[in-house]
Amino acid sequence: MAVIAVPEDGPERVRSGQEHLTTTTEQGRFCVARCTCGWRGPARRARSQARTDAEDHAAGR
């Protein structure tokens, strides 16, 4: 299975604290949010939910 990294919506910058740069990547039928700090969100079928995961991570939720 090939993993294709596509920075569709990133990077998004966070102003407070450590800088987090998030992107979404396609993995087959799923989309995953990732951050430069090493965080990785769960695989989602909906890109919008992966973007929400990234926003929640960046906001510290």
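Accessible areas here come from the Shrake-Rupley method with a 1.4 Å probe, and for residues only the protein chains shown count as cover. On that basis, the accessible surface of the protein comes to about 4200 Å², and 47% of it belongs to carbon and sulfur atoms.

Before I go on, a word on the source: this is a predicted model, in which local features need pLDDT of at least 70 and side-chain atom pairs count only at pLDDT 80 or more, while totals for chains, interfaces and linings use all residues. Residues are numbered from 1 along each chain as its sequence is written, and side-chain values use heavy atoms, with hydrogens and water left out.

Let me begin with the overall layout. The protein has 1 helix and 2 strands, where helices (H or I, at least four residues) and strands (E, at least two) are DSSP runs numbered from the N terminus. Along the sequence these elements follow the pattern β-β-α. If we take the contacts with a separation of 6 or more, residues 24 or more positions apart account for 12% of them, a contact being heavy atoms within 4.5 Å.

Now to the strands. β1 and β2 run antiparallel and are joined by 6 bridges; two strands are taken to pair if DSSP finds at least two bridges between them. To pick out particular partners, Thr25 is bridged to Val32 in β2, and Gln27 has Phe30 as its bridge partner in that strand. The hairpin has 2 residues between the strands, and Gly28 in this hairpin takes a positive phi near 65 degrees. Arg29 is also found in the loop between β1 and β2, and with a relative accessibility of 69% this residue counts as exposed. Leaving aside neighbours within four places in sequence, Arg29 is in contact with Arg44 and Arg45, and its C-alpha atom lies 9.2 Å from that of Ala43, 14 residues apart in sequence.

Is β1 largely enclosed or largely open? It is largely enclosed by the rest of the structure, because 5 of its 6 residues are buried. Thr23 lies in this strand and is partly exposed, with a relative accessible area of 24%.

The structure holds 0 disulfides, a disulfide being a pair of cysteine sulfur atoms within 2.5 Å. Cys37 is accordingly in no disulfide, and the nearest cysteine sulfur, that of Cys35, is 3.6 Å away. Cys37 counts as partly exposed at 34% relative accessibility, whereas Cys35 is buried at 9% and Cys31 is buried at 1%. Cys35 has its place in strand β2 and, not counting residues up to four places away in sequence, touches His20, Leu21, Thr22 and His57. The C-alpha atoms of Cys35 and Ala58 are 8.6 Å apart, although the two residues are 23 apart in sequence.

α1 covers residues 47-59, and its 13 residues should span 18 Å at 1.5 Å a residue, which agrees with the 18 Å between its end C-alpha atoms; the expected span is 1.5 Å times one less than the number of residues. Which residues of α1 are buried? They are Ala50, Asp53, Ala54 and His57. These residues cover an arc of only 95 degrees around the axis, which puts them on the same side of α1, the arc being that of the directions from the helix axis to the C-beta atoms. What covers them includes β1 (22-27) and β2 (30-35). After α1 comes Gly60, whose phi is positive, near 80 degrees.

Conventions:
Buried < 20%, exposed > 50% of the residue type's maximum accessible area, 1.4 Å probe, protein only.
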